[in-house]
Amino acid sequence: MRKPQISVIGVGYVGLCTAVGLASKGFKVIACDIDPEKIRKINQGVPPFFEPELQEKLAESIKAGNLQGIVNQTDKAVKETDITYVAVGTPSKPDGSIELQFIESAASNIGQALKHKDSYHMTVIKSTVVPGTTQNVVLPAFERESKKKVGKDFGLCMNPEFLRQGSAFQDTLNADRVVIGSFDKKSGDTLEALYKDFYSQRLPPIIRTTLSTAELIKYASNAMLATKISFINTIANICEKIPGADVKVVATAMGLDKRIGSLFLDAGLGYGGSCFPKDVKALIACSKAFGYDPELLDSVEHVNKKQPLKAVEFCKQHLGNLKGKKIALLGLAFKPDTDDMREARVIPIVNQLLKEGAKINAYDPVAIQVAKGLFGEKIEYASSANDCLRNADAAILVTEWPEFKKIAPADFKKLMRNPVLIDGRRIYDPETYGSELTFTAIGLGK
Ligand code: UDX
């Protein structure tokens, strides 16, 4: 049987990983984006962002002729393929609700292209959209522009993505589950057949459901993970009041209970990134718009907002007034293995330290360029971890990059003016580091 040809509209993390994942399995894929610079890079085999493994697989797919990038030609993307994925961004508006303008314009463009297409075409919404969006925004735009009927002339599915930055390509190839929300049975069957071919022997469980339930599954999953993080950070804050208590041991023991599970119980400076903060806010806003106040999620957000500022409080406990003090920040990215700084926990930390008059020297293995765009000359940038620590009055471990784990207590002592170490991600052994340095860590009772 002929493999369906695929187009992907919007090549951010989700779109590009979907495109390269399919191309790497022999599907012919067209990647379409409004940004000419992104497409130029993609056609040269270079991902527009840092993501392990993606570069190699993208280059292979381009070389094999399985992937082609085009600029702003939705018409061509739809005309020349059988299935179109929509993976455009859905950023937050100031009130926390999601901005649908990119979805709306993609839907009108696809609708116009469907008007000129004779054969059955399937569209799959992969962007994270609040429940009701595919049914009430995308579908009407398709029917209005195409003058055709969903379920008869074309298909429509909602298929959320659960990939994590830093392991996005592997997550695309090895999903825990595939969620297919479909307008009608034929649409769902078409997408299910694609995934059976794509995953072959490694087919994960497939959940078939309605469009809105699929949309909600994505938000509920991310909100649950964010809740786990704010929960363990709450326990960490309690631990700090109890002499001898350690949140790491609490989390390990809790995680052995199968009903709780061990993952996403790492206490630290809170969650950042392009998904959790935005998705929790969007779920709150959408729930309120439906007439239900989700108080639990408000608390999850509140805990997360306060958590990074604890690093500054710890600094003040050790150094007193921070005016003129030199603070070393180890890590800038919102998590290791990415240069992404969206909602990175370091942002409120930098802002607060600057307010207190501190001088900041920061280092990250890959995110310095991105950080320069955010902070400009307000802070200094080091070329290595050692360079960052040199003559510092205190160091804050912000992102748990593997190379930071190798910095020994003797290195901190040798390089810093004052060996005060604040472990914001619990990567250092409190006994070893605590006996040699002035050491404070999240969730560690004194
Ligand atoms: C997340 C979801 O995991 C993914 O399924 C979804 O598709 C997109 O959002 P991502 O944002 O890439 O992925 O990062 P993730 O690894 O989930 O971490 C998010 C944030 O939570 C990071 O800032 C991380 O440092 C923090 N975190 C994670 C913790 O503080 N503690 C933990 O135990 C786990």
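Colleague: What should I know about the model before we start?
Modeller: It is a predicted model, in which local features need pLDDT of at least 70 and side-chain atom pairs count only at pLDDT 80 or more, while totals for chains, interfaces and linings use all residues. Residues are numbered from 1 along each chain as its sequence is written, and side-chain values use heavy atoms, with hydrogens and water left out.

Colleague: How many residues surround the ligand, and which are the closest?
Modeller: The ligand is surrounded by 19 residues, of which the closest are F162, L163, Q165, D266 and K335; a residue counts if one of its heavy atoms lies within 4 Å.

Colleague: What lies 2.7 Å from an oxygen atom of the ligand?
Modeller: That is a backbone N or O atom of F162, and an N or O atom in the side chain of K335 is 2.8 Å from an oxygen atom of the ligand; a polar contact is a pair of N or O atoms within 3.5 Å.

Colleague: Which helix gives the most to the shell around the ligand?
Modeller: Helix α9, residues 211-239, does so with three residues, where helices are DSSP runs (H or I, at least four residues) numbered from the N terminus.

Colleague: Switching topic, how does α9 pack with α12?
Modeller: The axes of α9 and helix α12 (residues 295-306) are 9 Å apart and meet at an angle of about 55°, taking axes as lines fitted to C-alpha atoms over the stretch in contact and angles from 0 to 180 degrees between N-to-C directions. That makes α9 oblique to α12, because angles under 35 degrees count as roughly parallel, over 145 as roughly antiparallel, 65 to 115 as roughly perpendicular and the rest as oblique.

Technical notes: A polar contact is a pair of N or O atoms within 3.5 Å; within protein, one must be able to donate a hydrogen and the other to accept it, and residues adjacent in sequence count only if both atoms are side-chain atoms. Helices (H or I, at least four residues) and strands (E, at least two) are DSSP runs, numbered from the N terminus.
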